[in-house]
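Dear colleague,

Please find below the structure that I am handing over to you. My notes on what was found in it follow.

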Amino acid sequence: MLIEIMDVIISGLINGSVYALMAVGLTLIYGVSKAFNFAYGSFYSMGGYIAFLLFGVAYFKNYLVVFCLAAPVLLVFGFFIEKLLVAPLRKRDDWEIKVMMITLGLALFLDNSYQVVFGARMKSLPSILEGAFEVGDFILSYQDVVIFVLSIGGILLFRWFLNNTRTGMSVRAVAQNPAGAQIVGIPKEFVFAATFAISTVMVGMGGILLAQKYFVTPGGGWNILIKAWVITAFGGMGSIKGGLYAAFIVGMLEAFVGWQFGMNWTLIALFAVLLTTLAIRPQGLMGKWG
Amino acid sequence: MEHKRIAKLLAVIWSIVAVLPLFFGSTNFIMHILIMCLIWSVVASCWDLIMGFAGIFSFGQVAFFVIGAYASAIITAKFGIPPIFAVFLAGVIAAGIGILVGLPCLKLKGAYIALVTFAVHMILEPVLKGGIGRAIGTGGSRGILTIQPMNIFGYTFTSSEPVPYFYLMLFVAVICSGIILAVIKSHWGTAFLALKDAEEFASCLGVSAFKYKLMVFALTSFLTGVIGGFYAHYVGMLSTRMLGIDLFVTLMVILVIGGVGKFPGAIIGAFITIAINEMLSPLGSFRPITLGAMVVILVLLLPDGIVGMFEKIFLKKKKVRSLN
């Protein structure tokens, strides 16, 4: 019993950490540019497929190489998607709904392209580190530890970026006051594209990390989009701290509900908690209106 | 667009649609597609009413459609109520659920509403497949395989003879579009627009956001539920596959092509989209890719849809004339 509870808590922590990485990415785009990205889940799958492709090439059998190659690809991809698809819509009055539509179309396009290119069968990635700690009946695989450390590291790196680099500071400035930021000479358009690109990298990295545990499938991103979205709304849209707390709460909730009632109930429980939270605090745990 | 012009456009569209069976009446396949066009045109118009006019990002329209379809099928099977009444009961049930969904949305804004309504869509599948659903009679993951066909006063509509059902659906679609037009034209429509454009100002002037937002939820989910019931009795079987992303995106393409907030646009969009969808079916697995690419390109090139494009051309001409 105790061992089981320990297992559940650990799986909640690990899933929570990866969800945090991905939810922070989603909340970042929303916080900075008020755009909602429906193709976020497809970018998650894209991370997994890029890693799968790189592992197919003989020389790259190393995760470090994969991360170093996948990150720039995702960064450039995200940047151009924003410049080509989202930026032209910004001038319109009803651009919010148009952005939702265009990213939904993009998601459909990407998901089905994966299916045509890679086939509908699920792809697996090699484990990042083999082996496990074993203390009696209690087993903690190194893989889980590495996933946890890397996602938390990613979030910390991102925090450092926001607080200590020029681009990061301009991202924060635009999030706080777009007009004011423009007056002091911050290139708003570039910041929008940059945040989109960074969030693409974050979710793609999350995709590579989780793909070792849960496989890569063409439509697998939807589940992730829904979870990242729930976490973002739960923690407060645009609030990175709220997103962090919410991610771990959701990870734990999911693990415990899945353990006690079965996986079918996790989504229902998730939405029940979300709706109750939103009924009491419409802005989420730590969000602000605006 | 002016209401008179919408009414004229509607009359033209529906009278063109009404004569289509003269050409295609003998081909069951095409008649089936036309019936589907009518059904989706109503669903898309309702979505347009709530999203385009009232400015509420409701993503639960497919869920209300499925709720209506299941409700009508279960009511006829369990209580022996004739389908023509069951369809309206299904609409009432969908409207009830719509109001329940609308209540938490009253306090929320933008993307939050999209999430809550989409949550209804996502939850529906596990609920229908799980223990609760099986207890009501949804048949779990197998779905409902036999649904009584629609009959009115002893006349039974069968799917092997689609022309009578086509006219029934046309009748329903005309009434639904009439209702939507009446709503847009009335005090309600103005209130929706006011709440969309400036909620605080509108409520200061005494426009009750509570009342009108719940009203639009109730009305659109009622109409969608009714049309869902008609769909169930026409197709004769239901499963949760409808809740997949395919149908959702098809509806979205309809709105993109027709134009968001350009009312009869959704109806034109439905006919064009379903026709394109059928024409693309030889492409097999490339069909959804093309559909996705189409959404992206259309949103960029035709942001106001076909109706918006014609409006622009028409208005430009008018300006030139007045200059002369």
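In chain A, 75% of the contacts with a separation of 6 or more are between residues 24 or more positions apart; two residues are in contact if their C-beta atoms, placed from the backbone, lie within 7 Å. Please note that this is a predicted model, in which local features need pLDDT of at least 70, side-chain atom pairs count only at pLDDT 80 or more, and totals for chains, interfaces and linings use all residues. Residues are numbered from 1 along each chain as its sequence is written, while chains are lettered from A and ligands numbered from 1 in the order in which they are written.

Chain A has eleven helices and two strands (DSSP runs, numbered from the N terminus: H or I of at least four residues for helices, E of at least two for strands). Of its 290 residues, 48% are buried, that is, 20 or more other C-beta atoms, placed from the backbone, lie within 10 Å of the residue's own. The C-alpha trace of chain A spans about 65 × 50 × 35 Å along its principal axes.

Chain B has 14 helices and two strands, and 47% of its 324 residues count as buried. For contacts in chain B between residues at least 6 apart in sequence, 77% join residues at least 24 apart.

Helix H2 of chain B covers residues 28–53. Because 20 of its 26 residues are buried, H2(B) is largely enclosed by the rest of the structure. After H2(B) comes B:Gly55, with a positive phi near 70°.

Yours sincerely

Terms used. Buried ≥ 20, exposed ≤ 12 C-beta atoms within 10 Å, placed from the backbone. Expected span 1.5 Å × (residues − 1).
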